[in-house]
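These are my notebook entries on a structure that I looked up piece by piece. Each entry records what I checked and what I found.

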Amino acid sequence: MDLAGLLAFNVLTGIATLILITLGLGVIYGMMRIINLAHGEFMMLGAYTAVMASGAGVNIWIAMLVLPPLVVGLIGLILERTVIRFLYGRMMDTMLATWGISLGLIGLITTLYGNVVRGVSTPVGSFDIGRYGASLYSLVILATALSALAALFLLLRFTKFGLILRATMQNPRMAAALGVQPSRIYMATFALGAALAGLAGGVLAPISGVSPAMGAAYIARAFITVLGGGPAIITGTGLASTLFGAINELVSFKTTPVIGDVALLTAAILLIRVLPQGITGRYLRRSL
Amino acid sequence: MNPALPARRASALGFAATLAIGLAILFGAPHVLDTFGLVQCTGFAALAMFGLSQGFVWGFAGVMSFGQAAFLGLGGYAYAVAVINMGDSSIPVLLSILVPMAFAGLLGYFMFYGRISDAYIGVITLTVSVILFQLVNATSGSQYRIGAAELGGFNGIPAIPALNAPFHPDEPLDIDGIWYAAMGALILVYGILRAVLAARLGRVIVAIRENEIRAQLIGYDPRLYKLIAFMLAAGVAGLAGCLYANWGGFISPTVFALPMSAQVIIYVLVGGLGTLVGPMLGAVLIQALIIAAGSQTVVDSNLGLGLVLVGFVLLVPQGLLPVARSAALRLVARVRTPRPGKAADTFATERAR
């Protein structure tokens with residue numbers, strides 16, 4: 001019984017982690033049809049921001065939850081203005097350019113801080129599920145993932161900015177005719193996606209080794225979840241994270257985390273064979 | 001006159017020139033270079049073949065494989081495991097081609113027959129190579145062994161027996177021999193790919209890249225032809241992996257890792273998309289730059305690679321070779337006729353993606 005409770009808790013944490021690392025990628029892909037191959041490096045920058053800020057004496061919660069999205073969002077904004085905006089409409093070229101950005105960021109951080117693994121300590125302790133101890137920090141991840149998902153939903157569904165955003169993505173010319181500047185909206189969307197990636201990096205910094213190449217550990221899962229989710233950002237990310245996160249955690253529990261990733265990938269490839277447009281390409285198409 | 005003729009003649013001329021230069025390098029290098037230079041060139045030949053595989057699948061079939069390193073790694077590991085078990089290198093070389101092809105067949109079936117978009121293909125191939133990297137990386141410990149070969153996790157497999165004369169395991173090749181094998185294989189594979197592209201199969205593959213729906217309406221199944229092209233490229237990458245393992249006598253999971261897949265894309269992009277010679281030149285050029293950059297410790301080489309990739313996407317998306325070639329053709333045309341000639345124009349339109 002205790003074991004089942006612990007397992008259920010771990011599955012929930014796994015799903016929340018997947019939501020967190022996928023959401024930024026999903027925003028950029030769902031809204032702009034750009035697959036941001038630098039997503040993992042945006043997370044890495046978020047994690048470095050958290051490590052550096054907490055090292056400089058900033059309150060750990062601010063260093064983890066507030067600064068990373070701001071810093072990485074700003075970096076995303078700069079990169080969108082200097083590189084990405086020249087490549088809209090050329091999907092392959094944007095993928096290649098973001099891959100170049102990804103390599104460049106790994107190289108830059110390695111040059112600046114060295115190829116070493118850093119970390120921040122977890123700010124909270126643990127609690128008991130029956131005979132087993134579980135980390136309270138998992139609750140922080142759970143809460144952050146759910147609030148990020150909810151905030152994004154509220155933003156897109158109920159604010160004027162969200163309405164303009166959705167309209168621009170649906171029909172940029174019509175939006176432009178009505179007085180919206182699509183290039184501004186693209187800029188904001190890319191920065192928003194980068195900020196969400198930064199948040200994920202900041203929150204995950206205490207439970208993962210922070211190193212220049214840490215992004216690679218997450219991107220495989222994040223990409224495959226976005227593809228599995230399909231065009232609707234929130235519903236798609238939520239559903240695909242739930243499905244893949246559960247598979248990943250359950251298989252990892254039985255075997256090893258690496259086999260868990262293999263199971264996730266296999267499940268995703270099978271799913272994409274059946275539903276090439278992802279879950280929300282077939283079902284719940286009108287959802288957000 | 002058939003307007004395509006000058007382009008075709010130029011293309012045949014280029015093929016002959018490439019073969020001649022390749023053969024000159026093959027037989028000339030051992031006389032000119034010292035042992036160290038020859039070993040380095042063997043590595044270049046292996047990576048040039050890797051570039052060839054990416055150049056074929058991306059430039060001619062239009063399949064965005066972002067995880068070509070998966071096939072390089074599978075080929076290398078297949079060779080290493082098989083040769084340690086068998087002792088004789090003849091069948092392991094074949095396995096290094098067939099194992100990646102079989103894997104590509106399976107993966108490609110799900111991707112192409114699912115009719116997913118190009119971007120999805122890029123992401124899935126990339127993800128597969130990342131996960132293979134993690135999988136092989138996690139095989140440290142003596143319980144992970146295939147026959148006599150320990151996989152060794154992140155330490156890789158050391159002391160891989162080198163190639164030997166076919167079916168004579170007691171006659172291993174020396175450094176010169178491995179150079180002849182690697183460079184000879186590169187020329188051979190280049191010739192085979194040229195032949196494929198000149199044959200009906202290759203023409204259909206290119207037609208599908210140009211306009212998938214039209215090709216389908218004429219009666220070709222794009223899914224099948226893309227799958228064939230994908231498998232061919234995987235076989236070439238696998239052979240490159242075999243040569244790569246022979247080059248250092250060592251293979252580690254980094255052959256599967258993302259920087260490897262990124263590098264080969266940079267080879268193609270720098271050399272020229274839609275050519276076969278470009279990716280080979282790109283491989284040698286970039287690899288030489290990485291070696292040059294490796295001798296300094298101030299800046300990480302990833303930074304340079306990233307800048308090169310972004311720079312080429314933004315500024316020279318067609319790559320160096322096509323730029324140089326169209327410049328040369330324009331020059332020739334200007335010398336021959338007062339006005340810019342037709343030859344250069346048809347050539348440019350044929351080459352345009």
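**Entry 1: Arg33(A).** I began with the surroundings of Arg33(A), which counts as partly exposed because it has 15 C-beta neighbours inside 10 Å. For this I used the rule that a residue is buried if 20 or more other C-beta atoms lie within 10 Å of its own, exposed if 12 or fewer, and partly exposed in between, with C-beta atoms placed from the backbone. Arg33(A) is found in the loop between α1 (2–32) and α2 (39–55) of chain A. I took helices (H or I, at least four residues) and strands (E, at least two) as DSSP runs, numbered from the N terminus. The phi of Arg33(A) is near 60°, a positive value in a residue other than glycine. Most residues other than glycine have a negative phi.

**Entry 2: the source.** I noted that this is a predicted model, in which local features need pLDDT of at least 70 and side-chain atom pairs count only at pLDDT 80 or more, while totals for chains, interfaces and linings use all residues. Residues are numbered from 1 along each chain as its sequence is written, and chains are lettered from A and ligands numbered from 1 in the order in which they are written.

**Entry 3: Ala159(B).** I looked up a positive phi in chain B as well: Ala159(B) has one of about 50° although it is not a glycine. Ala159(B) lies in the loop between β2 (149–150) and α6 of chain B. Ala159(B) is exposed, since 9 other C-beta atoms lie within 10 Å.

Entry 4: I found Ser135(A) to be the bridge partner of Ser126(A), and Asp128(A) stands opposite Gly133(A). Two residues separate the strands of this hairpin, and Gly130(A) in the turn has a positive phi of about 60°.

**Entry 5: two crossing helices.** The axes of α5 (residues 137–158) and α6 (residues 160–170) of chain A come within 5 Å and cross at roughly 75°. That makes α5(A) roughly perpendicular to α6(A), a label for angles of 65 to 115 degrees. From α5(A), Leu155(A), Leu156(A), Arg157(A) and Phe158(A) make the contact, and from α6(A), Phe161(A), Gly162(A), Leu165(A) and Arg166(A). Two residues are in contact if their C-beta atoms, placed from the backbone, lie within 7 Å.

**Entry 6: helices of chain B.** I checked α6 (residues 175–198) of chain B, whose 24 residues reach 35 Å from first C-alpha to last, close to the 34 Å expected at 1.5 Å a residue. The expected span is 1.5 Å times one less than the number of residues. Its buried residues include Trp179(B), Leu186(B) and Tyr190(B). Helix α9 (residues 222–248) of chain B is mostly covered, with 23 of its 27 residues buried. Just after α9(B), Gly249(B) takes a positive phi of about 65°.

**Entry 7: where the chains meet.** How many residues does each chain bring to the contact? I recorded 37 residues from chain B and 35 residues from chain A. On the side of chain B that touches chain A, the largest share, 13 residues, comes from α5(B).

**Entry 8: Thr110(A).** I placed Thr110(A) in helix α4 (residues 91–113) of chain A. Leaving aside its neighbours within four places in sequence, Thr110(A) is in contact with Asn115(A), Pro212(A), Asp300(B) and Asn302(B).

Conventions
Axes fitted to C-alpha atoms, helices over the stretch in contact; angles between N-to-C directions. Parallel < 35°, antiparallel > 145°, perpendicular 65-115°, else oblique. Pairing = 2+ DSSP bridges.
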